[in-house]
Amino acid sequence: MNEQQMDKLLNIKTTGEQRGFMTSLHYHRYEPTPYSALELFFNEYNLRSHDHIVDFGCGKGRLNFYLNHHFNTNVVGVEMNETFYMEALENKQSYLKNYRNRADRINFYRVLAEEYEISPDENKFYFFNPFTVQILTNVVKNIMISFEKYQREIDLILYYPSEDYIFYLEKQTPFELVYEMNLPENNPNERFLVYRLNLYK
């Protein structure tokens, strides 16, 4: 199933890339994770219906709808761009025509990633290289503060991870690499990494 077909199945519109320039050098251009990559990864990486996933730099909400459709999980999209945020809300309205009872499980917030307040039940955080490592540092600090208040196992899921992200997580945080999936592409950056903050260490 190609990108357009999956969008049609979910009754949303998330294809295409961002045109023009970002207003901040710290935030990167919009590009959704390919459905083919999501399918490969989430066939291996298990989600449960009680998991709460946050997608930082969610764009039009592709990951959120994909995960809710397949796993009925609670999903939050954090997006600073007003245009993408509004498109995500429009997609939510369209998506809910087929899933009316799931409205409370899909939420979007227009806020800077580093200003998003982590909820105690949020335990998985998704990053498709949405911003520079300086902002990631602040986001991870917020996650750590939440962990200290409400201890639980926390995963950071990285797609197409930058070397800056990897260096920071491995050298300056207690997160440990627990899973890696290389995709069948010639590009070595086409991969998923999962870093875990383990409750029992």
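Helix H2 passes helix H3 in a right-handed crossing, where right-handed means that the near helix is turned clockwise from the far one by less than a right angle, and helices are DSSP runs of H or I with at least four residues, numbered from the N terminus. Please keep in mind that this is a predicted model, in which local features need pLDDT of at least 70 and side-chain atom pairs count only at pLDDT 80 or more, while totals for chains, interfaces and linings use all residues. Residues are numbered from 1 along each chain as its sequence is written, and side-chain values use heavy atoms, with hydrogens and water left out.

H2 covers residues 35-44 and H3 residues 62-71, and the two pack at an angle of about 40° with their axes 12 Å apart, the axes being lines fitted to C-alpha atoms over the stretch in contact, and angles running from 0 to 180 degrees between N-to-C directions. H2 and H3 are therefore oblique to each other, since angles under 35 degrees count as roughly parallel, over 145 as roughly antiparallel, 65 to 115 as roughly perpendicular, and the rest as oblique. On the H2 side, the contact (heavy atoms within 4.5 Å) is made by Tyr 35, Leu 38, Glu 39 and Phe 42, and they meet Arg 62, Leu 63, Tyr 66, Leu 67 and Phe 71 of H3.

Next, H5 (residues 133-149) and H6 (residues 163-172) pack at about 35°, with axes 10 Å apart, and H5 passes H6 in a right-handed crossing. Here Val 133, Leu 136, Thr 137 and Val 140 of H5 meet Asp 164, Tyr 165, Tyr 168 and Leu 169 of H6.
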